[in-house]
Amino acid sequence: MSLRLSTVILPYRRWNEGSRAAWERAEDLGFHTAYTYDHLSWRSFRDGPWFGAVPTLTAAAAVTERMRLGTLVTSPNFRHPVTLAKELITLDDISGGRLTLGIGAGGTGFDATALGQEPWTPRERAERFGEFVPLLDRLLTEDSVSYEGDFYAAHEARNIPGCVQRPRLPFAVAATGPRGLRLAARYGQAWVTTGDPRLYENGTPEQSVQAMRGQAEQLADACAELGRDVGELDKILLTGFTPDRGRPLESLDAFVDFAGRHAELGFTEIVIHWPLPDSDFAVDPKVFERIAMEAPAQLR
């Protein structure tokens with residue numbers, strides 16, 4: 001299978017002041033999927049403009065036709081499965097069945113306390129995620145759902161007519177640890193990783209590749225326990241968080257080398273950030289567009 005190339009467009013600009021143009025251009029460049037982050041605010045953007053993921057993707061669906069759309073990633077930090085399911089079914093309908101839900105356990109950033117709650121411990125995040133994903137799966141596949149769990153509840157929640165994509169829109173489950181990888185194996189149509197965050201500051205690209213090889217092996221083991229072929233899952237790498245940092249986007253050759261090394265690990269999709277001036281994702285727009293247009297052919 002050819003390695004697919006996708007992008008993630010951060011929602012920091014007003015729609016008619018650059019955001020719409022970016023989504024339209026992403027489709028023109030031939031990206032397989034354009035994702036956006038699902039946060040209430042994020043890192044250095046906390047005191048600046050930042051827009052909601054679902055309305056942004058709805059607008060993007062209206063100005064694109066072929067490219068898939070998605071979140072990288074949605075989390076339980078400020079989402080409830082019942083209300084999220086209704087929005088996803090609507091967005092899947094508006095996009096004509098082009099939506100992928102990237103979903104993860106969440107972290108300790110601004111989203112973790114925006115609703116007034118105390119930050120959850122890593123264990124509680126994992127436990128919530130373990131309840132969130134199965135309930136969302138049911139809500140997107142069943143007409144009526146009632147459920148009472150430790151963290152979430154649903155009472156005769158109706159989701160008619162369901163997703164355009166059947167039996168539901170695909171889940172791309174972000175995971176690096178055993179519990180998350182088991183969820184990806186059971187419920188995911190794809191697995192997402194950013195690598196090993198412990199290596200970002202002082203690790204090497206070689207150590208990063210080895211860490212992701214280990215993650216992929218754990219995913220294969222989790223699939224085997226369920227009697228599922230790991231080859232059924234797409235493997236997605238969201239770049240920008242490995243020790244390579246921005247170097248893979250310095251030239252077409254650098255990116256092809258980076259992507260090729262990760263394709264050897266079994267990755268089927270590489271996601272690169274849309275150019276973001278004065279940030280960790282700053283890149284020469286001309287180089288970025290050349291990568292978008294020429295790299296996929298070199299990675300077949």
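Reader: Leaving aside neighbours within four places in sequence, which residues is Phe78 in contact with?

Author: Phe78 is in contact with Asp38, His39, Leu40, Asp111 and Leu115, where contact means heavy atoms within 4.5 Å. This is a predicted model: local features need pLDDT of at least 70, side-chain atom pairs count only at pLDDT 80 or more, and totals for chains, interfaces and linings use all residues. Residues are numbered from 1 along each chain as its sequence is written, and side-chain values use heavy atoms, leaving out hydrogens and water.

Reader: Does Phe78 count as buried or exposed, and why?

Author: Phe78 lies in the loop between E3 and H3. Its relative accessibility is 17%, and buried means under 20% relative accessible area, exposed over 50%, partly exposed in between (1.4 Å probe, protein chains only). Phe78 therefore counts as buried.

Reader: And what makes Glu250 count as buried or exposed?

Author: Glu250, in the loop between E9 and H7, has 56% relative accessibility, so Glu250 counts as exposed.

Reader: What is E2 part of?

Author: E2 is one of eight strands that close into a barrel, in the order E1-E2-E3-E4-E7-E8-E9-E10, with parallel pairing. On average, neighbouring strands of this sheet are turned by 25° against each other, direction ignored. Helix H1 (residues 19–28) packs on the sheet and touches strand E1 (4–8), strand E2 (33–36) and strand E3 (68–74). The labels follow DSSP runs numbered from the N terminus (helices, H or I, at least four residues; strands, E, at least two).

Reader: What makes E9 and E10 a pair?

Author: Two strands pair if DSSP finds at least two bridges between them. Strand E9 (residues 234–238) and strand E10 (residues 269–273) are joined by three bridges and run parallel. Leu238 stands opposite Val271 in E10. E1 and E2 also pair in the parallel sense, over two bridges, and Val8 has Tyr35 in E2 as its bridge partner.

Reader: Why are H3 and H4 given the description they have for their angle?

Author: Helix H3 (residues 81–94) and helix H4 (residues 122–141) pack at about 45°, their axes 9 Å apart. Axes are lines fitted to C-alpha atoms, for helices over the stretch in contact, and angles run from 0 to 180 degrees between N-to-C directions. Under 35 degrees is roughly parallel, over 145 roughly antiparallel, 65 to 115 roughly perpendicular and the rest oblique. H3 and H4 are therefore oblique to each other.

Reader: Which residues of H3 and H4 meet?

Author: Pro81, Val82, Leu84, Ala85, Leu88 and Ile89 in H3 meet Phe132, Leu135, Leu136, Leu139 and Leu140 in H4. By class, this contact of H3 with H4 has 11 nonpolar, no polar and no charged residues. Ala, Val, Leu, Ile, Met, Phe, Trp, Tyr, Cys and Pro count as nonpolar, Asp, Glu, Lys and Arg as charged, and the others, Gly among them, as polar.

Reader: At what angle do H7 and H8 pack?

Author: Helix H7 (residues 252–263) and helix H8 (residues 285–298) pack at about 45°, with axes 10 Å apart. H7 and H8 are therefore oblique to each other.
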